[in-house]
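Please look over the model below before reading my comments.

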Amino acid sequence: MEALVALARNRVFTILCGCMLLSSSVAAEEAADVATGERLAEVLRAARSVLSNYQSLINDPAVGDKHLDGERFTAEAIALYTKRTGHPLITDDLAERDRKLLQAQVEAMREVVDEEQDDINRPGIGFKGFVPAVFARLMNEKFAAKVGNEALVRVTAPEVLVRNRKSLPDAWETQVITEFLSNPQKPKGEAHTEVTKVNGRPAFRMLLPEYYTESCLSCHGSPKGEIDVTGYPKEGGKAGDLGGAISIVLFK
C-alpha cells in the first residue's frame, strides 16, 4: 500500500514538474514574441519619423536632387532606432528569426525610397504625396512580399479614421481596438497580444496603439471636415487621441 502511495505521489510530482516546465516554456516564447513585435514596430516608427522630418525638403519645388536615396534613408532610420531604444538594431545575441525579419524591414524601406526617387526629386512640384502613411503601407507590403510566410506588419486604425481601404482593420483588430485600445478603463499605451489564427495558421498577434502628436494635426486635426493637403477631410483629432495601431503577426 505504501509503495502505491509513493508511486502515486511520484506521478503527481512528475505531472506538476511537467506543467511547470511547459508553463515556463510558453511564457518564454510569448516574451520572445513580444520583444520581436516591439522591435518590428519600432523600426517602422523610426522610418516614418525620418520621412516625416524630410517632408519640407521632399515637397520643396525649388530643389531637384534631394540627395535622399535608400542608403542614406536606412542609415538614418537605423540610427534613430538605436537612439530611441538604446541598443543597436542587430546584435550578436539576436535570434535568427529576428535578424531575418529586421533585415527584411531595412531592405523594404530602402527599396521603397529608391523607387520613389523620381517623385522625390521632381522639380517644380510642391506636395509629392509621399507622406509617412503612404510610405509605411508600401514598406509593409514589400516586407510581406519578402517574409509574409513568417510575419506581417501593417498599420490600421478605428474604421472611422481609415483613409485607405487597404488599411481597414480585420475582425480581430476591430475587436481589440474597440474593447482594449479605445476603452478608457484600460491603461493607455498598452499593447494587446493574443495567440490566435491568421489565414488558418496559428499565430501570435500584437496590436500597438498610436496616438496623434502635434505634427499629425496638420492633416488629422481641426477644423473637422476641412480638406487637408492630401485631399482628405480632417478628422478633428487632438494630440493624445487614438489615431491608429501597428498590427504585428508572427506565424507559429
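Predicted model: local features only at pLDDT ≥ 70, side-chain atom pairs only at ≥ 80, totals over all residues.

1. Residues are numbered from 1 along each chain as its sequence is written, and side-chain values use heavy atoms, with hydrogens and water left out.

2. Helix α4 covers residues 96-115 and helix α6 covers residues 132-147; their axes come within 8 Å and cross at roughly 130°. The two helices are therefore oblique to each other (angles under 35 degrees count as roughly parallel, over 145 as roughly antiparallel, 65 to 115 as roughly perpendicular and the rest as oblique). The crossing of α4 and α6 is right-handed.

3. Residues of α4 in the contact (heavy atoms within 4.5 Å) include Leu101, Ala104, Ala108 and Val112, and those of α6 include Phe135, Leu138, Met139 and Phe143. Sorted by class, the contact of α4 with α6 has eleven nonpolar, one polar and six charged residues.

4. How many disulfides does a search of the whole structure find? The search finds zero, where a disulfide is a pair of cysteine sulfur atoms within 2.5 Å. The closest cysteine sulfur to that of Cys216 is in Cys219, at 8.8 Å, which is too far for a bond.

5. Are these cysteines buried or exposed? Cys216 is partly exposed, because its relative accessible area is 24%, while Cys219 counts as buried at 16% (buried means under 20% relative accessible area, exposed over 50%, partly exposed in between, with a 1.4 Å probe and protein chains only).

Technical notes. Axes fitted to C-alpha atoms, helices over the stretch in contact; angles between N-to-C directions. Helix = DSSP H or I, 4+ residues; strand = E, 2+ residues; numbered from the N terminus. Left-handed = near helix turned anticlockwise from the far one by under 90°. Nonpolar A, V, L, I, M, F, W, Y, C, P; charged D, E, K, R; others polar.
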